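Work through these exercises with the predicted model in view. Try each task before reading its solution.

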Amino acid sequence: QLQLVESGGGLVQPGGSLRLSCAASGFPLDGYAIGWFRQAPGKEREPVSSINVSSGLVVYADSVRGRSTISVNTVKNTTYLLIDNVKPVDAAVYYCAASPWRPEFNYANMLFASQYKYWGKGTQVTVSS
């Protein structure tokens, strides 16, 4: 059974760093696109970052570009999201999602939530001093 489990959420101080993990089971990450999304209370879900595990193609949303890194450990079958210089607006529930890589995936649509078939349950990130 394909499963995604996020971890690493919690309380982060403004200006600090945030490292989230998404452990996949039931399928190998190779051949998949993995996306990170977040949703703050009262707001719509928004994209954060995505990676094509096979090619290494990555894309970042404007909100985190320049201070975020997405990476994959295929041995551990886990995807990581690092956000530096954390801001209050980064507070949200963070979700990872997966979908088999398809030819129509590209840099322009890798951050579309509708492209992803499998979702984790999320991990809460709170930003406060």
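**Exercise 1.** Decide whether phenylalanine 37 is buried or exposed.

*Solution.* Take the relative accessible area of phenylalanine 37: 1%. Buried means under 20%. So phenylalanine 37 is buried.

**Exercise 2.** Classify the ring pair of phenylalanine 37 and tyrosine 116.

*Solution.* Start with the centres: they lie 5.5 Å apart. Pairing requires centres within 6.5 Å. Next, take the planes, which stand at 70 degrees, so the pair is edge-to-face. Finally, locate the partners. Phenylalanine 37 is in strand 4, and tyrosine 116 is in the loop between strand 9 and strand 10, 79 residues apart. Tyrosine 116 is buried too, with a relative accessible area of 6%.

**Exercise 3.** Classify the ring pair of phenylalanine 105 and tyrosine 116.

*Solution.* The ring centres are 5.8 Å apart. The planes meet at 50 degrees, so this pair is tilted. Both residues are buried. Now widen the view: Phe37, Trp101, Phe105, Tyr116 and Trp119 form one aromatic cluster. Then look for charges over its rings. The charged end of arginine 45 sits over the ring of tryptophan 119, 4.4 Å from the centre. The charged end of arginine 102 sits over the ring of phenylalanine 105, 4.6 Å from the centre.

**Exercise 4.** Find which strands stand at the edges of the open four-stranded sheet.

*Solution.* Write down the strand order: 1-3-8-7, with antiparallel pairing. Strand 1 (3-7) and strand 7 (68-73) each have a single partner strand, so they stand at the edges. Serine 21 stands opposite tyrosine 80 in strand 8.

Terms used. Residues numbered from 1 in each chain as written. Predicted model: local features only at pLDDT ≥ 70, side-chain atom pairs only at ≥ 80, totals over all residues. Heavy atoms only, no water. Pairing = 2+ DSSP bridges. Helix = DSSP H or I, 4+ residues; strand = E, 2+ residues; numbered from the N terminus. Phe/Tyr/Trp six-rings, centres within 6.5 Å; stacked < 30°, edge-to-face > 60°. Buried < 20%, exposed > 50% of the residue type's maximum accessible area, 1.4 Å probe, protein only. Lys NZ or Arg CZ within 6 Å of the ring centre and 35° of its normal.
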